[in-house]
Protein chains: 2
Amino acid sequence: MKAIQDYYPDELAQCFGCGRLNAHGHHLRSFWEGDQTEARFTPLAFHTAIPGFVNGGLLASLVDCHATGTAAGAAYRAEGRAMDSMPPHRFVTASLKVDYLRPTPLGPELLLRGRVLSISGRKVVVEVTVSVGSEVTVRGEVVTVEMPESMRPPPAPSHGGTSARVRHE
Amino acid sequence: MKAIQDYYPDELAQCFGCGRLNAHGHHLRSFWEGDQTEARFTPLAFHTAIPGFVNGGLLASLVDCHATGTAAGAAYRAEGRAMDSMPPHRFVTASLKVDYLRPTPLGPELLLRGRVLSISGRKVVVEVTVSVGSEVTVRGEVVTVEMPESMRPPPAPSHGGTSARVRHE
């Protein structure tokens with residue numbers, strides 16, 4: 001199944017948090033699950049803060065990328081068009097708020113859930129929770145905006161369906 | 001010159017963002033500069049978001065670690081004791097708010113500045129800005145708290161003689 005991020009054009013798929021073309025990134029992948037989005041991520045041993053617990057900066061990064069992915073998916077839905085239709089949506093973060101409700105244990109898979117709180121114009125506000133098992137450990141609220149044209153890179157030279165599916169892990 | 005993080009005991013120096021003992025981490029190092037703190041960090045090429053700009057999750061991570069480091073430093077100062085005195089201070093993040101004021105260009109060195117907004121009991125609130133040249137690109141506000149005893153790992157084996165570092169509250 002393709003993740004929302006799999007629809008990002010190659011030149012916008014370089015992100016350290018979720019870019020499929022970033023050789024050193026976290027490769028977060030977000031999927032629709034009904035009206036919400038989900039992503040699963042198992043931190044590595046070095047993604048620690050205090051030993052035994054997941055690094056808060058990494059958690060913020062996952063929340064961030066899951067939110068911008070959710071925003072892109074929601075923008076397509078709001079327009080009633082498919083995620084492989086043009087032009088592509090790509091959101092960036094204006095403001096990120098992360099509450100660490102309790103320490104997140106390092107080891108188990110994390111489940112991120114995204115929920116759109118509002119869509120208005122180019123702005124999408126997304127709530128993201130991080131859970132381990134049945135326990136929510138982190139709650140984030142992210143104000144995302146459609147990437148301004150001033151940030152847009154030129155299209156990748158080899159842009160196409162095949163290379164868009166290349167993942168480096 | 002020793003950074004604030006250089007005073008963290010070995011077992012608390014594993015952090016992905018600022019742990020000197022994390023082989024894969026960012027190794028952020030924070031220093032007092034008068035009443036403020038500073039840290040400098042040059043992102044690597046893969047620390048990107050949209051090409052040409054620094055990843056927002058990485059920026060959040062740097063803000064986070066600079067804030068917890070600043071909080072630890074401030075806690076020693078508030079008690080009028082040196083950072084190599086016992087017991088060690090180590091703060092964790094309760095809440096992280098990051099406003100991305102403008103895109104942060106990827107390439108130049110980033111300057112993080114920390115300023116203590118309040119200290120009360122075990123809680124220290126820190127403002128952190130990220131600048132490139134004379135331009136502030138990011139502003140963060142971080143609520144940090146002294147690490148709870150429930151998170152404390154055992155002292156690192158190579159420091160068996162320093163078990164006095166274990167705090168009992």
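A residue counts as buried when its relative accessible area is under 20%, and as partly exposed between that value and 50%. The model is a predicted one.

Start with chain A. His27(A) sits in the segment before β1 (30–33) of that chain. Its phi is near 55°, a positive value in a residue other than glycine. Is His27(A) buried or exposed? Its relative accessible area is 11%, so His27(A) is buried.

Now turn to chain B. His27(B) lies in the segment before β1 (30–33) of chain B. Here too phi is positive, at about 55°, although the residue is not a glycine. His27(B) has 36% relative accessibility, so this residue counts as partly exposed.

Next comes the helix of chain B. Helix α1(B) runs over residues 56–79, 24 residues in total. From first C-alpha to last it reaches 35 Å, close to the 34 Å expected at 1.5 Å a residue. The helix is mostly covered, with 21 of its 24 residues buried. Just after the helix, Gly80(B) adopts a positive phi of about 65°.

Follow chain B onward into the loop between α1 and β3. Pro87(B) is found there. The peptide bond joining Met86(B) to Pro87(B) is cis, with omega about -5°. Chain A has a cis bond from Met86(A) to Pro87(A), with omega near -5°. Pro87(A) lies in the loop between α1 (56–79) and β3 (91–100) of chain A.

Finally, consider how the chains meet. Chain B brings 36 residues to the contact, and chain A brings 36. Together they bury about 2800 Å², with 67% of that area on carbon and sulfur atoms. What polar links cross the interface? There are 12 residue pairs in polar contact, both partners at pLDDT 80 or more. Salt bridges number zero by the rule applied. On the side of chain B that touches chain A, the elements giving two or more residues are α1 and β3 (91–100). Strand β3(B) gives the most, with nine residues. By class, that side of chain B holds 18 nonpolar, 13 polar and five charged residues.

Technical notes:
Residues are numbered from 1 along each chain as its sequence is written. Chains are lettered from A and ligands numbered from 1 in the order in which they are written. This is a predicted model: local features need pLDDT of at least 70, side-chain atom pairs count only at pLDDT 80 or more; totals for chains, interfaces and linings use all residues. Side-chain values use heavy atoms; hydrogens and water are left out. Helices (H or I, at least four residues) and strands (E, at least two) are DSSP runs, numbered from the N terminus. The expected span of a helix is 1.5 Å times one less than its number of residues. Buried means under 20% relative accessible area, exposed over 50%, partly exposed in between (1.4 Å probe, protein chains only). Contact means heavy atoms within 4.5 Å. Buried area is the accessible area (1.4 Å probe) that two parts lose on being put together, summed over both. A salt bridge is a side-chain nitrogen of Lys or Arg within 4 Å of a carboxyl oxygen of Asp or Glu. A polar contact is a pair of N or O atoms within 3.5 Å; within protein, one must be able to donate a hydrogen and the other to accept it, and residues adjacent in sequence count only if both atoms are side-chain atoms. Ala, Val, Leu, Ile, Met, Phe, Trp, Tyr, Cys and Pro count as nonpolar, Asp, Glu, Lys and Arg as charged, and the others, Gly among them, as polar.
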